Amino acid sequence: MTDGKNDGKNDGADYGADYDVVVAGGGPVGLFLACELRLGGAGVLVVERLAEVDETIKAGGINTAGAVALYRRGMLPELAAAWEKNLWRLRAFIGERSAGTPRATPPKFAGHFAGIMMRGDLFDDSDPAFADIGPADGVGLGVPQAELERILAARAERLGVEVRRGVELTGFDADDEGVSVHLGGDDTVRTGWLVGCDGGRSTVRKLAGFDFPGTDPEITGYQAVVEMTGGERLGVGWNTTDVGTYVNGPFPGRILTVEFDGPPADRSAPITAEELQASLRRVSGVDEVTIHEVHSSTRFTDNARQAAGYRKGRVLLAGDAAHVHSPFGGQGLNLGLGDAMNLGWKLAAVVSGRAPDSLLDSYTAERHPVGAWVLDWTRAQIAVMRPDRHARALRRVVTDLALTTSGTTYLVKQISGVWQHYDLPGEHALTGQSTPDLELSDGTRLGDHLHGGRALLLDLADDPKLRARAEGYADRVDVLTAVCPGRPELTALLVRPDGFVAWAADKGDEDGNGLGDALSRWFVAA
């Protein structure tokens, strides 16, 4: 096995493998997963079909849950720099069109539901769900997917991940001991595990035979960056018409259209200026708009499907390979980052012999409900966007609710991902929750101590008996004794490598009830 600092290859001592894990797909999810695996000591190969970063316009921002995951790995400076680089896009989106010095903090942007824009001044950020998020809150807003991919590619290189671009997975043969992965050019590599992060039309998912149930699409959508004239006749932002929905902005030339005319005959066919122009004219009713050049474009539908399970033997799925849905609400990228954060430390522990492979059962158990929620969240938006009279009546009701403080705050909680939790054993309110980013008396925050991707037992009561319970886990669990003036009721937290609380205690439970069970559940050796 590797120690997380070498060239990414496996020494082959255990099962004759070239690598511990092969990740198919070098987008943000695949790269983030590879980084997590390397932190856990696994040897990783990433194979990516595209020779260069895909600049096609895609996800335009990272929600709070996604930004917190990156922050916990020390990536906040890169994320903040990318945010500042793209600040002008955000300004246009929220109406700050005047020149001037960029703001030092993210704008108070509430987002949208089915194109119903929410007002930032109605968002109650004192809601307990937003407490103790820390400095990552809002930083990812407006960071393009391609920019995040470059940030993660640089991190993967620093960690020793081997990435082969322009190489396509063409097939694989899995057995009880590992997987033989066939690559373009008649190359075959042997690995202990294969993870498909290869997108919504995943080759890994199809070849492995994962069931992929869901609902069929009813829309054709386009998103593009174009050169056009007549655009001044278009409404700015999200617009609902008798035909469908269109978006103009948040920066000049960016357009999006949605028509409820069924899915496209061929999603992979080249998108022409004439095709985009026809759709934009139909939906907007502005016949004067003319598209002269297409810089970037993509089609999408509301096809909503989810793998019944995320593991078949030694093959696993993450990101769009495990679940597909419409892009409304910007959930897809963030959902995939959560998959990677959850799976990475677990698979690395199995690979290194620190945990039995039954630990991987918790991956599907924890992440599948989150994915199912996201699919329903996007389906609900489609229902509100339909152009029929019943849907338009429903839209008016939802709009009225959204433009209240309680409605806006509820919707922001869902969009931001702060609601996400796992059903873990334990009675404390924090168990299964994303850990609060506690401010410690030495000037650090809890997130500062998670950069290495290891579990953390945080002793806030200076209790030697508590620390003694973790002595047998020194190779898996870091122990930190600290003081947290802002949460005096807390005496201890056991935080998993993915930043979720496995166990917690308040004053009156200093004897550590439940800590032993939590340690053995998550960190026992195989």
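## Salt bridges

A salt bridge is a side-chain nitrogen of Lys or Arg within 4 Å of a carboxyl oxygen of Asp or Glu. By this definition, the structure, a predicted model, holds 30 salt bridges.

One of them joins Glu147 and Arg150, with the closest N and O atoms 3.3 Å apart. Both residues lie in helix H5 (residues 145–159), three residues apart, which is about one turn of the helix. Glu147 counts as buried at 14% relative accessibility, while Arg150 is partly exposed at 34%.

Arg299 and Glu275 form a salt bridge whose closest N and O atoms are 3.1 Å apart. Arg299 belongs to strand E14 (residues 290–300) and Glu275 to helix H7 (residues 273–284), so the pair ties together parts 24 residues apart in sequence. Arg299 is buried at 6% relative accessibility; Glu275 is partly exposed at 23%.

Arg496 and Glu366 meet at 2.9 Å, N to O. Arg496 sits in the loop between E21 and E22, and Glu366 in helix H9 (residues 361–385), so this pair links parts that are 130 residues apart in sequence. Arg496 is buried, with a relative accessible area of 0%, and Glu366 is buried with 7%.

## A buried arginine without a partner

Arg254, in strand E13 (residues 254–259), is buried yet has no salt bridge. The nearest side chain of opposite charge, Glu55, is 14 Å away. Residues that Arg254 touches include Ile57, Gln223 and Val247.

## A four-stranded sheet

Strands E20-E19-E21-E22, in that order, form an open sheet with mixed pairing. Its edge strands are E20 (477–481) and E22 (501–506). Strands E19 (residues 455–459) and E21 (residues 490–495) run antiparallel and are joined by four bridges; Asp459 has Ala492 in E21 as its bridge partner.

Note on methods: Residues are numbered from 1 along each chain as its sequence is written. This is a predicted model: local features need pLDDT of at least 70, side-chain atom pairs count only at pLDDT 80 or more; totals for chains, interfaces and linings use all residues. Side-chain values use heavy atoms; hydrogens and water are left out. Two strands pair if DSSP finds at least two bridges between them. Helices (H or I, at least four residues) and strands (E, at least two) are DSSP runs, numbered from the N terminus. Buried means under 20% relative accessible area, exposed over 50%, partly exposed in between (1.4 Å probe, protein chains only). Lys and Arg count as positive and Asp and Glu as negative; His and the chain ends are not counted. Contact means heavy atoms within 4.5 Å. Lists of a residue's contacts leave out its neighbours within four places in sequence.
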